[in-house]
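Please look over the sequence and the model before reading on. The report then takes its parts in turn.

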Amino acid sequence: MTKIKRYNAKKLYFSERITTALRGIFDHALTVVEAPMGYGKTTAIKVYLNKNATCVLWQPIYSNSLSSFWKAFSSLFARFDEDSAQSLLSLGFPTDSTLMEEALRIIRATELPVRTALVIDDYHLIETLELDRFIEFLTLNQITNLHIVLIARFTQLQSLEELALKGYLHYIAPRTFEFAPKEIAAYYKACGISLSDREADELHALTEGWISALYLLMLEFIATGSYALENNIYNLIDKAVYMPLSSEIKEFLLTLCIFDSFTLEQAVHMWGKDNAGELLAAVTSKNAFVRYDGRARTYYAHNIFTGFLKEVLARKDSRYRQELYQKAGHWYLKTGDYFAARRYFYECGDFDNILVAVKEDHSSDYTAENKELLKKYLEECPNEVKARHHNAILKYALHLFVYNEMALYNKTCGEFSNNLKADASLDASLRGRLSGDFELLLSFAAYNDIKKMSAHQYKAWKILGQPTSLYDARKSWTFGSPSVLYLYYRESGRLAEHTQDLRKVMTYYTRLTNGHGSGAEYIMKAEMHFNAGDFMDAEIALYKALALAQEKPGQPQTGIVVCALFLQLRLALMKGDFPGAVDILQKMRTDITSARRYLLLSTADICEGYMYALLRQTGRIPQWITEGSVHSSRLMFPAFGAFNIVYGRVLLVRGEYLKLIGNAEHFNRIAAVFPNLLGHIYTYVYLAAANKRACEEAKALSALKSALDIAMADKLYMPFVENCDYIKPLLEELFASGLHREGINKILELYAVQQKATEQIVKERFPNTAPQLTKREWR
């Protein structure tokens, strides 16, 4: 091995095999680059794209956090359209087909330059079935000008072969990056070192063409004039890279190795001295394991080097490591990344600052990942620490309610109450404010029992006399339910009373929460009138609701608006106005996306699914509903029973009678939690219809009687009207027996109107897909 006088160990070299393989990126919607760590895949792709792409969107992956991934993914699009980036961020990671369609719509609306490459580096760290499904979805939809590149040590993409066969995917295998002896010689020559054929063969035998080992051996040869392959890559890094560094630079690198990437400002914060920029310049000039991305203004350390530094850090005493983690936590606290702040504070056992981060976090991150981490942190947090952070504990308890973690919610409320009483350091003003917020929080525990909720909220208003800081008016008041009546109808014979109670409670609640849920009381009144067949009063009440829900500019109560529009849709169907119903659905989706209340896109699907289920157009019902995949949606637990109402009708029109009978117990169990009587009524109606089709006449009549016994006391006719195409003979039989004659007579009158409207819509709009019903079924 001969050393030429001038050399450059940072010189990059790419074989013709690598260059040829990379040319395929812009011929495909998706490229998967797979090779072990240190094979040079990231560097090769970055250099190639910088030369050949018009625009490169580069997203490195550092953890398995989907929420962190989505935050970074969304921000990539800010360079084209800040509004699109914000919309994607508000959407959250798309877990179902509805949300994926919305993400696709947002990305497509963004004007991307020709030959835009979206690179996800270290994809294996984040890869899940959900993310694979999303990537495949984007690939199959072939967004104009966008080419996706996944860089991974390995991938489990199940559709890889199928996508490749169909021409969507370009696969670059690990062997592409393995240097042959002639390529090793060419690489070393480019760096200023001439190799004989024997030396090149020897290096190939030692390294198997692995570029990282070749690079480290080159550094050792340049420094010492010889090389000896170590059995551990970290030993090579230690000898060739780390040991030659000054003690100051070594210490500097250790303070930053807990990050996979960092900014200059971050480095200054962690180092605490004014020469951080000089040290970074020295580091990046001396080796290729730390690089600076000028566009992102971010430094990146190679995984191999970071892993080595973390092993060095692990040998330091625990106090040294804790100080680093605490500094990192304070950095993220200062920059508003509360998720990361909590993680670093947890690493150093700083529970006080974990709770500070909980208090300061005003996001609505109700992901499963966030839930489990919050539970972990707070379960390990000593009570004496919790006793110092009352506001944070109130916020945590609110999260638990949303997550339906009621046992833990009750326990947390008990701890808060005891700690508040025992805290003698609080002045009267702060104690009163905390007590008022706590009363509001306790009202959620009484959810669905309007009188009990009202008592807590009245007390909260008397204590506070001003809006709470605990609750964000942008959160969904309806939890994703398309019906307020579903949420708050709990006792048979008392629907009118419930409606009046809700009107009273909203007087105080909307003041406490800056208008949260405005108009809900009129939606419930409108739904009560609609279900009684009083369509004129229903329409008047829903317009009152819309006026209140849209009263505050820039802060519409979109969940309430959606409920109003769903009721308008049902009224349109009763009139046979299918175009009007479709326009209402379109307006619903527009209102949701304009307000970025993406949770409600699942609600819009429910409304659409119910419409087509009423018309028996099963092929037009959103797939996730036909599959019963409520857990893949953004609906919160209190709305699950509303989903079951739609899903039950879907099973009915698809002829899955036994499956419906089998699910009925589950439907009733969900409806019984709060309780939600409307869920029980529909479930019994569906049971009656399914048992009728299964030739179980006695069970069918018994189920229908149970539904009537609950509903007729409150004149809730429409659940029966909208399903009369299945239960009319059963109603006639019960009528003949003298049971609920007045109510059944009203149901049949309304059904005559509904039947005519439905027949008209099906005949005019779906002439080739009209369901084949018997005369008796249409009768």
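The sections below cover the model, a sheet, one of its strands, a helix pair and a single leucine.

## The model

This is a predicted model, in which local features need pLDDT of at least 70, side-chain atom pairs count only at pLDDT 80 or more, and totals for chains, interfaces and linings use all residues. Residues are numbered from 1 along each chain as its sequence is written, and side-chain values use heavy atoms, with hydrogens and water left out.

Helices (H or I, at least four residues) and strands (E, at least two) are DSSP runs, numbered from the N terminus.

## The sheet

An open sheet is built from 5 strands, and its order is β3-β4-β5-β2-β6. The pairing is parallel. Two strands pair if DSSP finds at least two bridges between them. β3 (55-60) and β6 (169-172) are the edge strands, each with a single partner, so one side of each has no neighbour in the sheet. From one strand to the next, the twist averages 15 degrees.

Helix α2 (residues 41-52) lies across β2, β3, β4 (116-121) and β5 (146-152). α2 runs at about 160 degrees to β3. Such angles run from 0 to 180 degrees between N-to-C directions, with axes fitted to C-alpha atoms, for helices over the stretch in contact.

## Strand β2

β2 spans residues 30-34 and pairs with β6 over 4 bridges, in the parallel sense. L30 stands opposite L169 in β6, and V32 has Y171 as its bridge partner there. β2 also runs parallel to β5, joined by 5 bridges. E34 stands opposite A152 in β5.

Is β2 mostly covered or uncovered? It is mostly covered: 5 of its 5 residues are buried. Buried means under 20% relative accessible area, exposed over 50%, and partly exposed in between (1.4 Å probe, protein chains only). L30, V32 and E34 take one side of β2, and T31 and V33 the other.

## Helices α27 and α29

The axes of α27 (residues 520-531) and α29 (residues 558-574) come within 10 Å and cross at roughly 20 degrees. The two helices are therefore roughly parallel (under 35 degrees; over 145 is roughly antiparallel, 65 to 115 roughly perpendicular, the rest oblique).

Contact means heavy atoms within 4.5 Å. A520, I523, A526, E527 and F530 in α27 meet residues of α29, including I560, L567, R570 and M574.

## L203

L203 lies in helix α9 (residues 197-207). L203 counts as buried because its relative accessibility is 0%. L615 is 412 residues from L203 in sequence and 73 Å from it in space, C-alpha to C-alpha.
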